[in-house]
Amino acid sequence: MQGESVEQVLPELTYNEAGLVPCIVQDAETGEVLMMAWMSAESLALTLERGETVFWSRSRQELWHKGATSGNTQKLVDLRYDCDADCLLAQVHPAGPACHTGERTCFYRSLLEE
């Protein structure tokens, strides 16, 4: 958020009709995409406050601090937003796998593999 304060940027973000914005999570060291999850204004503020990712769980309809029960937290290194201000990119240092299946990334399957 170079050149702008968090307070300036937050109102500029475009949330969907459910009040959510997609957040791509990327390993800050390798560049690997780990997962995609949804953030509300509250989970975004908590992420910035805690320095670890906090999302909005659509299935449970509650805040979800990634790794709170598994220990697989994601330490925030940088949080960026795209040119349309409707998608976030969280660059993190993961403390374990991102996927609930135990895979390092949620994107471990390919449609092109035979």
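**Close-up 1. Phe107 and Thr105 in the segment after β6.** Phe107 lies in the segment after β6, a strand that spans residues 88-94, where strands are DSSP runs of E with at least two residues and helices are runs of H or I with at least four, both numbered from the N terminus. The model is predicted, so local features need pLDDT of at least 70 and side-chain atom pairs count only at pLDDT 80 or more, whereas totals for chains, interfaces and linings use all residues. Residues are numbered from 1 along each chain as its sequence is written, and side-chain values use heavy atoms, with hydrogens and water left out. Thr105 is found in the segment after β6 and is buried at 8% relative accessibility (buried means under 20% relative accessible area, exposed over 50%, and partly exposed in between, with a 1.4 Å probe and protein chains only). The side chain of Thr105 reaches the backbone nitrogen of Phe107 at 3.0 Å. Leaving aside neighbours within four places in sequence, Thr105 is in contact (heavy atoms within 4.5 Å) with Glu32, Val33, Leu34 and Cys99.

**Close-up 2. The salt bridge between Asp27 and Arg104.** The closest N and O atoms of Asp27 and Arg104 are 2.4 Å apart, a salt bridge being a side-chain nitrogen of Lys or Arg within 4 Å of a carboxyl oxygen of Asp or Glu. This pair links distant parts of the chain, with Asp27 in strand β1 (residues 21-27) and Arg104 in the segment after β6, 77 residues apart. Asp27 is buried, with a relative accessible area of 6%, whereas Arg104 is partly exposed at 35%. Together with Glu32, Asp27 and Arg104 are linked in a network of salt bridges.

**Close-up 3. Ser43 in helix α2.** Ser43 belongs to helix α2, which covers residues 41-50, and is buried with a relative accessible area of 0%. The side chain of Ser43 reaches the backbone nitrogen of Ser40 at 2.8 Å. Not counting residues up to four places away in sequence, Ser43 touches Trp38, Val54, Phe55, Trp56 and Leu63.

**Close-up 4. The aromatic pair of Phe55 and Trp64.** A search of the whole structure finds one aromatic pair. Phe55 and Trp64 form this pair, which is tilted, at 5.2 Å centre to centre and with 50° between the planes; rings of Phe, Tyr and Trp (its six-membered ring) pair if their centres lie within 6.5 Å, and planes under 30 degrees apart count as stacked, over 60 as edge-to-face and the rest as tilted. Phe55 is buried, with a relative accessible area of 0%, while Trp64 is partly exposed at 26%.

How values were computed:
Polar contact = N/O pair within 3.5 Å; in protein donor to acceptor, adjacent residues only side chain to side chain.
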